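Student: I'm new to this one and would like a close look at a single part. Could you pick one residue, walk me through its surroundings, and then step back to the rest?

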Amino acid sequence: MICACAIPIAQMPAMFASVNANLAMAAGATASLNVKAAAAASASLKAALQAKLAISTTLSASAMAKLTATATAMASVKSTLRVDLLSSGAAANLNQLLQAMLGNGLGGALGQMPVAALPQLKAIASAAAAAQMSSAATSSMQMAAMVAGTANANGTVNAAGVMNAAAAVKAATGVSLGAAGSVAALASAMATVNSNLSQVPSFGAVASTSLLGKVSALLDALAAIKAGLGVDLTVPGAGAKLSSALKSSSTPTSATQTAGGSSQTPTSQTAPHAVTTAASTAASCQAQGLAQVGIPQIPTSLSLLAALLSKLGGFGCDVIQHQPCGKQCPFALASLFSLLGCLCPSASSGS
């Protein structure tokens, strides 16, 4: 079975209740944020990689970006919800999950998240990113991810885009893009996905895509602040620590220099091999007719929910359960011996 458990859903608003209070506590420090260094570093890094990883191919950047998005969403649904969109039971599992989300009030809980603080959190997250870039070298894979799917001036895909698409397709379908017969296998997989999705109602009934996007961005910003500044804003009283962290990193002068240095050393070492591999993959895909494969679009609400629930798991809020019930649930033991499945009244009311 699959369930959106009522217990973590009910606890979710309280888990993030301290965010606004912490921001108010650090208001003085956040008012004078300098995020220009982070933006400049990102732009410099992207420009360097774009020039170094360009390859010659007639594959469309937009088509490869669509393939990457679809495969990434499939992988997210598979890893977070544990629903394989290629399986025969995918539609039934997704329908069951949708009813559990509706019955247990996931949309209402998401509506109580502190998304109004998003602009301020994004500014702090940018400062955190600058601090992190100045203190640690950026790996070549991270740098490639920053420009994955971007196009050259003539509209063709670059090496990073090919590499990213191949990795996403492999994770989602098991198909090694570029290998003999890979495009035919991919086409078959995409047809199965399209058939399964046609049997599933819209997950937009849970929450609007606007709200899902804002909550997802909120979680990204909180995670970036924790990673870059070492401050968890979901913890009561963390505002004082945030003020101190922001003051110590208010002038990230080495961010641009570090980014520039990183874009030279690891990229110069790995670019030749990356370009060769990507060019070979692109040529094979082109010869096999990848451009003619119909790539379905995973519904935005479903892909956003899968990504969002994965991020919530990183904050200790595990909404998706695959046991008869979560271990904390008072109905768990009884449900193990029930022919009716989950005995939670809330879940039953939504089925």
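Tutor: Let's go with Thr281. Setting aside residues up to four places away in sequence, Thr281 touches Val162, Leu177 and Gly178. Keep in mind as we go that this is a predicted model. Thr281 itself sits in helix 14, which runs over residues 254-287. Is Thr281 buried or exposed? It counts as buried, because its relative accessible area is 15% and the cut-off for buried is under 20%.

Stay in that stretch of sequence for a moment and look at Cys285. Cys285 is buried too, with a relative accessible area of 0%. Over at Cys5, the figure is 8%, so Cys5 also counts as buried. In general, a disulfide is a covalent bond that links the sulfur atoms of two cysteines. Here the count of disulfides is zero, going by cysteine sulfur atoms within 2.5 Å of each other.

The largest nonpolar core has 90 residues, and the members that touch the most others are Met12, Leu81, Met101, Leu121, Leu242 and Leu312. Helix 12 (residues 209-229) gives this core its largest share, 10 residues. Take Met12 and see what lies around it: leaving out neighbours within four places in sequence, Met12 is in contact with Leu106, Ala109, Leu110, Met113, Leu312, Cys317 and Val319. One of those partners, Leu312, is itself on the list of core members with the most contacts to other members.

For a contrast, head to Arg82. You'll find Arg82 in the loop between helix 5 (61-81) and helix 6 (90-103). Arg82 counts as exposed because its relative accessibility is 57%, and the cut-off there is over 50%. Its backbone deserves a glance as well: phi of Arg82 is near 55°, a positive value in a residue other than glycine.

Finally, zoom out to the chain. Its secondary structure comes to 17 helices and two strands. The chain has 351 residues, of which 47% count as buried. Its accessible surface is about 15400 Å², with 58% of that belonging to carbon and sulfur atoms.

Notes:
Residues are numbered from 1 along each chain as its sequence is written. This is a predicted model: local features need pLDDT of at least 70, side-chain atom pairs count only at pLDDT 80 or more; totals for chains, interfaces and linings use all residues. Side-chain values use heavy atoms; hydrogens and water are left out. Helices (H or I, at least four residues) and strands (E, at least two) are DSSP runs, numbered from the N terminus. Buried means under 20% relative accessible area, exposed over 50%, partly exposed in between (1.4 Å probe, protein chains only). Contact means heavy atoms within 4.5 Å. Accessible areas come from the Shrake-Rupley method with a 1.4 Å probe; for residues, only the protein chains shown count as cover. A nonpolar core is a set of buried Ala, Val, Leu, Ile, Met, Phe, Trp, Tyr and Cys residues joined through side-chain atoms within 4.5 Å.
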